[in-house]
Amino acid sequence: MKNNGNDRQLAGPVPAPAYSFAVLTLSDKGSRGEREDTSGPYLVERLTREGYVLQSYAIIPDQLPVIVDALIALVDRQAVDLIVTTGGTGVAPTDVTPEAMLQIIDKEVPGMAEAMRAESLRKTPHAMLSRGKVGIRGQTLIVNLPGSLKAARENIEVVLPVLPHALEKIGGGTADCAS
Ligand SMILES: Nc1ncnc2c1ncn2[C@@H]1O[C@H](COP(=O)(O)OP(=O)(O)OP(=O)(O)O)[C@@H](O)[C@H]1O
Ligand SMILES: Nc1nc2c(c(=O)[nH]1)N[C@H]1C(S)=C(S)[C@@H](COP(=O)(O)O)O[C@H]1N2
């Protein structure tokens with residue numbers, strides 16, 4: 001029988017779907033075991049606390065083909081809802097996260113990336129050196145954050161409020177933008 005919505009009123013609000021997420025730390029030193037990755041585990045903890053369900057966490061080298069392959073695998077084979085990367089967004093020769101994104105995303109979401117930069121500029125002028133992107137491949141949202149723990153922590157807070165609505169829309173949902 002078609003649900004006319006009354007059940008929903010009786011049962012109370014329907015819980016938000018539990019979106020899956022992956023954290024990918026992009027760091028040469030981290031992948032060689034020369035520096036502890038504190039940013040990746042922080043993001044795992046923060047997103048878990050927010051209600052997202054961890055699907056995978058990995059540290060990989062800051063190398064274009066490695067990043068491209070890892071992102072494609074997470075989207076096309078694991079169908080994760082949300083990928084958060086940390087590192088490799090800057091202006092050093094080894095920083096190639098945005099270039100990897102351009103190879104694999106279908107759409108950019110520039111507003112989310114610009115919002116992170118704008119808010120970060122209130123904390124440090126170095127924020128303008130991050131070239132991080134936010135994009136969509138298939139039905140997966142991919143968010144690039146800078147590498148340091150401080151930067152990862154500050155940037156993720158900027159996008160957390162819009163993630164549920166973004167993920168709902170990316171998945172084909174019809175949520176009202178006013179809600
Ligand atoms: N995953 C991480 N965990 C903790 N700190 C990090 C991490 N990634 C970067 N940092 C810190 O942020 C600073 C700037 O990041 P950046 O990616 O430029 O580091 P890097 O050491 O040059 O790169 P790589 O780790 O790829 O060798 C680093 O010097 C380091 O202190
Ligand atoms: N909010 C915030 N954004 C930040 C920072 C920060 O400390 N806080 N650090 C910046 C620095 S120092 C750099 S070099 C760029 C790029 O960092 P990445 O190369 O580690 O990705 O992010 C910037 N964004």
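Ala, Val, Leu, Ile, Met, Phe, Trp, Tyr, Cys and Pro count here as nonpolar, Asp, Glu, Lys and Arg as charged, and the others, Gly among them, as polar. By that scheme, the shell around ligand 1 has two nonpolar, 13 polar and four charged residues. This is a predicted model, in which local features need pLDDT of at least 70, side-chain atom pairs count only at pLDDT 80 or more, and totals for chains, interfaces and linings use all residues. Residues are numbered from 1 along each chain as its sequence is written, while chains are lettered from A and ligands numbered from 1 in the order in which they are written.

**Domain record**

- UniProt, in an unreviewed entry, lists residues 22-166 as "domain: MoaB/Mog". Its positions are given in the numbering used here, feature names are shortened, and annotations may be inferred rather than shown by experiment.
- Helices (H or I, at least four residues) and strands (E, at least two) are DSSP runs, numbered from the N terminus.

**Ligand 1**

- Ligand 1 is surrounded by 19 residues. A residue is near a molecule if its C-beta atom, placed from the backbone, lies within 6 Å of it.
- The closest are Ser27, Asp28, Lys29, Gly147 and Ser148.
- Helix H2 (28-31) and helix H3 (39-49) each supply at least two residues of this shell. H2 gives the most, with three residues.

**Ligand 2**

- Around ligand 2 there are 19 residues. Thr89, Gly90, Ser120, Pro146 and Gly147 are the closest.
- Helix H7 (residues 149-159) gives the most to the shell, with four residues.
- The shell around ligand 2 has four nonpolar, eleven polar and four charged residues.

**H3 against H7**

- Two packed helices are described by the angle between their axes and the distance between the axes. Axes are lines fitted to C-alpha atoms, for helices over the stretch in contact, and angles run from 0 to 180 degrees between N-to-C directions.
- The axes of H3 and H7 cross at roughly 25° and come within 9 Å. H3 is therefore roughly parallel to H7. Angles under 35 degrees count as roughly parallel, over 145 as roughly antiparallel, 65 to 115 as roughly perpendicular and the rest as oblique.
- The crossing of H3 and H7 is right-handed. A crossing is right-handed if the near helix is turned clockwise from the far one by less than a right angle, and left-handed if anticlockwise.
- Ser39, Tyr42, Leu43 and Arg46 of H3 meet Leu149, Ala152, Arg153 and Ile156 of H7. Two residues are in contact if their C-beta atoms, placed from the backbone, lie within 7 Å.
- This contact divides into five nonpolar, one polar and two charged residues.

**H6 against H7**

- Helix H6 (residues 110-121) packs on H7 at about 125°, with the axes 9 Å apart. That angle makes H6 oblique to H7.
- H6 passes H7 in a right-handed crossing.
- From H6, Met112, Ala115, Met116, Glu119 and Ser120 meet Glu154, Asn155, Val158 and Val159 in H7. These residues are five nonpolar, two polar and two charged.

**H4 against H5**

- Helix H4 (residues 64-77) and helix H5 (residues 97-104) have axes that come within 9 Å and cross at roughly 50°. H4 is therefore oblique to H5.
- Their crossing is right-handed.
- H4 contributes Leu64, Ile67, Val68, Leu71 and Ile72 to the contact, and H5 contributes Thr97, Glu99, Ala100, Gln103 and Ile104. The residues are seven nonpolar, two polar and one charged.
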